[in-house]
Number of protein chains: 2
Amino acid sequence: MKPRAVVLLSGGLDSATTFAVAKRDGFEIHALSVDYGQRHRFELRAAKRISAALGAKKHLILKIDLSVVGGSALTGHMPVPKDRPEKQMDGDIPSTYVPARNTILLAVALGWAETLGAKDIYIGVNAVDYSGYPDCRPEFIRAFERVAALGTKAGVEGGRFRIHAPLANRTKAQIIRKAVALGVPLKWTHSCYDPDPKGRACGRCDSCRLREKGFAEAGMQDPARTPSIRSNKGGIH
Amino acid sequence: MKPRAVVLLSGGLDSATTFAVAKRDGFEIHALSVDYGQRHRFELRAAKRISAALGAKKHLILKIDLSVVGGSALTGHMPVPKDRPEKQMDGDIPSTYVPARNTILLAVALGWAETLGAKDIYIGVNAVDYSGYPDCRPEFIRAFERVAALGTKAGVEGGRFRIHAPLANRTKAQIIRKAVALGVPLKWTHSCYDPDPKGRACGRCDSCRLREKGFAEAGMQDPARTPSIRSNKGGIH
């Protein structure tokens, strides 16, 4: 029997690729998506499609209404910034930062992993081509591993939890190449922070621009933006 | 203006006392209760009463359905253990342990604190007269403080988050005396893991027995169990 792993799956490029990496690593995948009151639902639709396509053993969608907690453009409390200069993308933490989001996501993933008897949790954070979120950095991930070791029955009674962040030090172009190599259905991945009512990407938020730059550097067309695929109802980016 | 603090409030004796300590420390209290799919709703009713009585600036009840995650007697997946020998209460982690509960509670408290501009979070964990839960120990709290420092915008941009666990090293009797001194409405606090349909305490779960032992050691009657108060509809323990 394969060991189990919990994979945090948002429906974006990075989390979909992380799912494929965990599968390649030999785990039975239990995918976890958190419906935290995002501005739009296209992310969760993408997560469902990817999870089915890549063969999750189970896909759990957990509702946590972070919009009542507030404080982020992604939960509808401020406008999503557009066309930020690259220099600014490198430095500032933007308003799309959701307070303590990855801490919350890892915490619920940890609870589920413990229930499943899984010791491995995968998260698609990236600290190279990213928006500058503090909870995407490797030192944060290490700190959370210590919380997992000390704050759970499974951690105390034996066996260390491992938080895998296989994309932490990859550029977006490297992630895209890996996704292709591992058969990730890129056309279903959704990255835009502020899609139109039909789910089409805005092309101007940080996430769209990092994605576009990544595909350009990888020398590839983004299948989620190819008109022939969109007209086929496959693409939602 | 008083600085703000987020206080995790379950409605039990310890969290109610922690609320009073935070207030005494000079904070404006923002109380957070998590409706995580507990077996019973008396806890949340207690939290509402205590929060109003002690004067929270705001009381937020956040729903996170941990019952779908499973793995605990407190979310209805196993029976609540009764009449455990004291020796066993000292050692084993019982089935009332909710996987990663305090990690999840602290994570959402951290998100809300960051939104509020608060740097102080209070949690009523206790590592003396307790059920042996790993996420009640001081080393866990310290590890979480590091996560808060590294995983938030507020932590990175300046100012350390402090996770206060003022009852960590107190016996239940000491907590009860402090509660009385600080005017906590003990009659409204709810401790039982498995109350009857009217909210009356079972008297046999770990939580009831620790509470009873605490009141006995403090040389006090438990006002939540005094018949005259119960008939007055004030007591729900």
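**A close look at one helix**

Modeller: Helix α1 of chain A is mostly covered, with eleven of its twelve residues buried. Buried here means that 20 or more other C-beta atoms lie within 10 Å of the residue's own; 12 or fewer means exposed, anything in between partly exposed, and C-beta atoms are placed from the backbone. This is a predicted model, where local features need pLDDT of at least 70, side-chain atom pairs count only at pLDDT 80 or more, and totals for chains, interfaces and linings use all residues. Residues are numbered from 1 along each chain as written, while chains are lettered from A and ligands numbered from 1 in the order written.

The helix covers residues 13–24 of chain A. Its first and last C-alpha atoms are 17 Å apart, close to the expected 16 Å. That expectation is 1.5 Å times one less than the number of residues. Helices (H or I, at least four residues) and strands (E, at least two) are DSSP runs, numbered from the N terminus.

The buried residues include A:Leu13, A:Phe19, A:Val21 and A:Lys23. What do they pack against? The partners of the buried residues are β1 (4–8), β2 (28–35), α2 (42–54), β4 (120–122), α7 (172–181) and α8 (206–218), in chain A. Just after α1(A), A:Gly26 has a positive phi of about 100°.

Now the setting. Chain A holds nine helices and five strands. Of its 237 residues, 54% are buried. Its C-alpha atoms fill a box of roughly 50 × 35 × 30 Å along the principal axes.

Notes:
Contact = placed C-beta atoms within 7 Å.
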